[in-house]
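My entries follow in the order I made them.

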Amino acid sequence: MGYKSNKAELPKRRGRKIERKCNIITVRSLNSPENVTLFLKNIYNVYKRGYYDVFLDFKDTTAVFPNASLPISAAIQYYREQGVRIVVKDCDNCLSGYYIDRPLDASKETLRTIDNSFSKCWKFNSDQISDLVDLFIKNIQERTLCERGVVQAFEWCVYEVMDNILNHSGCKSGFVMAQFHSNSQHLAICVSDYGCGIYNTLSMTDYRPRTHIDAITMAIKKNVTRDKNIGQGNGLAGLTEIVRLNSGILSIRSGNGQITFRDGEIKQSLHLPYLSRKNHGTTIDFQIDLNKEIELSKALWGHCPTNIRLEKMESDLGKHVVSVKSESRGTGTRHSAQALRNFVLNMVSEGASNICLDFSDVSLITSSYADELVGKLVTHFGFYQYQRIFKLENMSDTIQAILHRSVAQRMAQSIR
């Protein structure tokens, strides 16, 4: 059906970031959790007033951030499951790239076709977490240099939160969105679901929270969990401590409550709208400063988890093998070489001390690629430190000659 016209229209409020007129919801901004509150109120009013269709107008939407986009995306999927027909209109090509309307399925096939996993709404199940997190990490390692411990801390946090969503929400899938802010060198991550919520989960245990805020407060304490057979209750507690040590930002919203940790201060928000009594939904949003070192063992009460990614790259001889053909997005430009150089520099920051750059099946590289990758690595570490950390293998005679010339030129330039 089209727009229903037999309902009284709400008076227009100028300047509202999200507003409703009949069964049309206009979204002008997606830059804060306040937008989520407005959206939930408006779509609930449309649903309760008996409209057959809901039309979402994103024509003038600006400032798309994960902490608003992802919870709204999850709410859209929830209402569709309730039989509501939701139509997105006036969504230009730029906004459609965020996949707010229909999140990308994190299947192996989709992940193979996506170069940039950031600023996209993803839908995932338990079998897809590992591959999606690996792509997040690869993308951040290619874009910038992270301080020691940051990449592994990010990996631990995202794994824990995504796994918690599936273990406790009662849903078979969850939603996640990551966004890299190059100017501030921050990584923003949001994980959301439309499941039962923290309050409903803990109400079935001996903890018996009185309010939704009580439930969130309990959930971030160490060893608090619904079932010890499922988890140890350290996920949200570890996340909270990691963000605190990193001077980051953490916000947890579930049911009608929200708690935000920022700059050593705690802010509580009460009486927020949510989906239904059965489906409170939970959103966990946090930001990490990539320029601030994280001591993971300190955050996790003396425990330092194994770096699974580095282990998977380690050969029987103890070398961390990096396939240039697989990991590099081509071998012809400085841009692709810079991404691979950032990737291996972040590996060194994580503790890799014996890295093999494997040129198997690489037929040719340009001089600019050789200089940007190997030449600048020599300059960065110095010749003797470079030789101690890096080995180059399986090069053709042509590639070896190009690399030799690039290194010689860089060394001569350094001496001059």
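**Charges**

I began with the charges: the chain carries 53 positive and 43 negative ones, and their mean positions are 8 Å apart. I note here that the model is predicted.

**Overall build**

I counted secondary structure next and got 16 helices and 17 strands in the protein chain. The radius of gyration is 24 Å, close to the 22 Å that the globule rule gives for 416 residues, so the chain is as compact as a globular protein of that length. Along the principal axes, the C-alpha atoms fill a box of roughly 75 × 50 × 35 Å.

I then looked at burial and surface. Of the 416 residues, 54% are buried. The accessible surface comes to about 19900 Å², and carbon and sulfur atoms hold 47% of this area. For contacts between residues at least 6 apart in sequence, I found that 68% join residues at least 24 apart.

**Ring pairs**

How many aromatic pairs are there? I get a count of 8 aromatic pairs. I took up the pair of Y78 and Y194: the ring centres are 5.9 Å apart and the planes stand at 55°, which falls between the cut-offs of 30 and 60 degrees, so the pair is tilted. This pair links distant parts of the chain, with Y78 in helix α2 (residues 66-81) and Y194 in the loop between β10 (186-193) and α7 (197-203), 116 residues apart. I checked burial for both, and Y78 and Y194 are each buried.

Y194 also pairs with F175, again in a tilted arrangement, at 5.9 Å centre to centre and 40° between the planes. F175 sits in strand β9 (residues 174-181), 19 residues from Y194 in the loop between β10 and α7, and this pair too links distant parts of the chain. F175 is buried, as is Y194. I followed the ring pairs onward and found that they link Y47, Y78, Y79, F175 and Y194 into a cluster.

**Helix α9**

Is helix α9 mostly covered or mostly open? I find helix α9 (residues 235-245) mostly covered, with 8 of its 11 residues buried. The buried residues are G235, L236, A237, G238, L239, T240, I242 and V243. I looked for what covers them, and the elements include the helices α6 (150-168), α8 (212-219) and α10 (296-299). The strands β11 (249-254) and β14 (282-289) are also among the covering elements. After α9 comes S247, which has a positive phi near 55°.

**Positive phi in two loops**

I kept a general point in mind for this entry: most residues other than glycine have a negative phi. H271 has a positive phi, near 60°, and is not glycine. I located H271 in the loop between β13 (265-269) and β14. Its relative accessible area is 70%, over the 50% cut-off, so H271 counts as exposed.

D361 also has a positive phi, near 65°, and is likewise a residue other than glycine. I located D361 in the loop between β16 (355-358) and α14 (367-381). The relative accessibility of D361 is 67%, which is over 50%, so D361 is exposed.

**S169**

Where does S169 lie? I place S169 in the loop between α6 and β9. Its relative accessibility is 7%, under the 20% cut-off, so S169 is buried despite lying in a loop. Leaving aside neighbours within four places in sequence, I list the contacts of S169 as N164, D193, G195 and C196. I also took the separation of S169 from W301: the two are 132 residues apart along the chain, and their C-alpha atoms are separated by 27 Å.

**K222**

My last entry is K222, in the loop between α8 and α9. Is K222 buried, partly exposed or exposed? The relative accessible area of K222 is 41%, which lies between the cut-offs of 20% and 50%, so K222 is partly exposed.

Key. Residues are numbered from 1 along each chain as its sequence is written. This is a predicted model: local features need pLDDT of at least 70, side-chain atom pairs count only at pLDDT 80 or more; totals for chains, interfaces and linings use all residues. Side-chain values use heavy atoms; hydrogens and water are left out. Helices (H or I, at least four residues) and strands (E, at least two) are DSSP runs, numbered from the N terminus. The radius of gyration is taken over C-alpha atoms; the globule rule is 2.2 Å times the number of residues to the power 0.38. Buried means under 20% relative accessible area, exposed over 50%, partly exposed in between (1.4 Å probe, protein chains only). Contact means heavy atoms within 4.5 Å. Accessible areas come from the Shrake-Rupley method with a 1.4 Å probe; for residues, only the protein chains shown count as cover. Lys and Arg count as positive and Asp and Glu as negative; His and the chain ends are not counted. The place of a charge is taken as NZ of Lys, CZ of Arg, CG of Asp or CD of Glu. Rings of Phe, Tyr and Trp (its six-membered ring) pair if their centres lie within 6.5 Å; planes under 30 degrees apart count as stacked, over 60 as edge-to-face and the rest as tilted.
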